[in-house]
Amino acid sequence: MTAMTGPLISADELRAVLADVTVLDVRYRTGAPAGPEAFAEGHVPGAAYVDMDTDLAAPPGDGGRHPLPESADFVAAMRRAGVSNTRPVIVYDDWSGHAAGRAWWLLRHHGHPDVRVLDGAWPAWRAAGGEVETDVPAIEPGDFAGGGSRAGLVDSDDVLYVGVLVDARAAERYRGETEPIDPVAGHIPGAVNVPTSRNLTDDGRFRSPDELRAIYAEVGAVPGADVAAYCGSGVTATHDLLAMEVAGIAARLYPGSWSGWITDPSRPVATGA
């Protein structure tokens, strides 16, 4: 197959290489029905369904609403989904990459060398005339071994000292004007706001590298800077990390994010712009 570059793949590119890649369906939306129903109604041929709550996160607790899964649990889940170290992985959702980004980040964090997100997500696949399968495919277990990390972390003890800490939530949540999910409103002191909506064009695809570099440069997130991102629970922050990867900006994840930060009432909270 033709070598791919960058963290994204178009629907047309995926159609051309479908026989040579492992496809993961990570359909999930906060507060919406679970993805298995959508998967049963139709999915990319051969795709394996991956559950956000059980495969890509540990149970809620001090680490927030979606703590990172234990490495052994994640590796086992990826093997069940057919992931192998030597076969490229393509991840998609129906949420413009907000959920697929979590699987992309976790696979990279556990050392997989070739993971991409379907740009434009499920709607782009349908618009490109991609075949839709309704049968649940028989997935041959993979041999994914995990291993050395390629994606960095920052923890609650260090997050206040990050050079540029990006909050990926909607602006009104960042400012503390509303908080529909977590019990405390506001943001981590010193954080700057780049809502994930800014990463996308009107059709749900990622903006060009130049456009994304300009957006993140507005808040000081530039190549070579010390950058990390967080959101409400550590899921949609990976969308900003994916956008920064497109732009050539290396950044870490604070996985506990806002929901983890506020589990300790002694930690400071900021509001406003």
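How accessible is Y49, buried or partly exposed? At 22% relative accessibility, Y49 counts as partly exposed. Buried means under 20% relative accessible area, exposed over 50%, and partly exposed in between (1.4 Å probe, protein chains only).

This is a predicted model: local features need pLDDT of at least 70 and side-chain atom pairs count only at pLDDT 80 or more, while totals for chains, interfaces and linings use all residues. Residues are numbered from 1 along each chain as its sequence is written, and side-chain values use heavy atoms, with hydrogens and water left out.

**Aromatic and charge contacts**

Rings of Phe, Tyr and Trp (its six-membered ring) pair if their centres lie within 6.5 Å; planes under 30 degrees apart count as stacked, over 60 as edge-to-face and the rest as tilted. The count comes to four aromatic pairs. One of them joins F39 and Y49. This pair is tilted, with 5.7 Å centre to centre and 50 degrees between the planes. F39 lies in helix α2 (residues 36-41) and Y49 in strand β3 (residues 48-49), so the pair ties together parts ten residues apart in sequence. Helices (H or I, at least four residues) and strands (E, at least two) are DSSP runs, numbered from the N terminus. F39 is buried, with a relative accessible area of 7%.

A charge also meets a ring. R27 lies over the face of W122, at 4.6 Å from the ring centre. The rule asks for NZ of Lys or CZ of Arg within 6 Å of the ring centre and within 35 degrees of the ring normal.

**Helix α4**

Helix α4 spans residues 71-80, and its F74, V75, A77 and M78 are buried. Seen down the axis of α4, the buried residues fall within an arc of 160 degrees, so they line one face of the helix. The arc is that of the directions from the helix axis to the C-beta atoms. On the other side of α4, A72 and R80 are exposed. The cover over the buried residues of α4 includes β2 (22-25), α3 (52-55) and α5 (100-109). Contact means heavy atoms within 4.5 Å. G82 follows α4, and its phi is positive, near 90 degrees.

**Strand pairing**

Strands of a sheet pair through backbone hydrogen bonds, either parallel or antiparallel. Two strands pair if DSSP finds at least two bridges between them.

| Strands | Bridges | Direction |
|---|---|---|
| β2 and β4 | four bridges | parallel |
| β4 and β5 (residues 115-118) | three bridges | parallel |
| β6 and β8 (residues 227-230) | four bridges | parallel |

Both faces of strand β4 (residues 89-92) are covered. V89 and V91 are buried on one side, I90 and Y92 on the other. In β4, I90 stands opposite V23. The bridge partner of I90 in β5 is R116.

An open sheet of four strands has the order β7-β6-β8-β9, with parallel pairing. Its edge strands are β7 (192-193) and β9 (252-253), each pairing on one side only. V166 has A229 in β8 as its bridge partner. Helix α9 (residues 237-246) lies across β6, β8 and β9, running at about 145 degrees to β8. Axes are lines fitted to C-alpha atoms, for helices over the stretch in contact, and angles run from 0 to 180 degrees between N-to-C directions.

V164 sits in strand β6 (residues 164-167). At 11% relative accessibility, V164 counts as buried. Leaving aside neighbours within four places in sequence, V164 is in contact with V192, V219, G220, A221, D226, V227 and A228. P36 and V164 are 128 residues apart in sequence and 37 Å apart in space, C-alpha to C-alpha.
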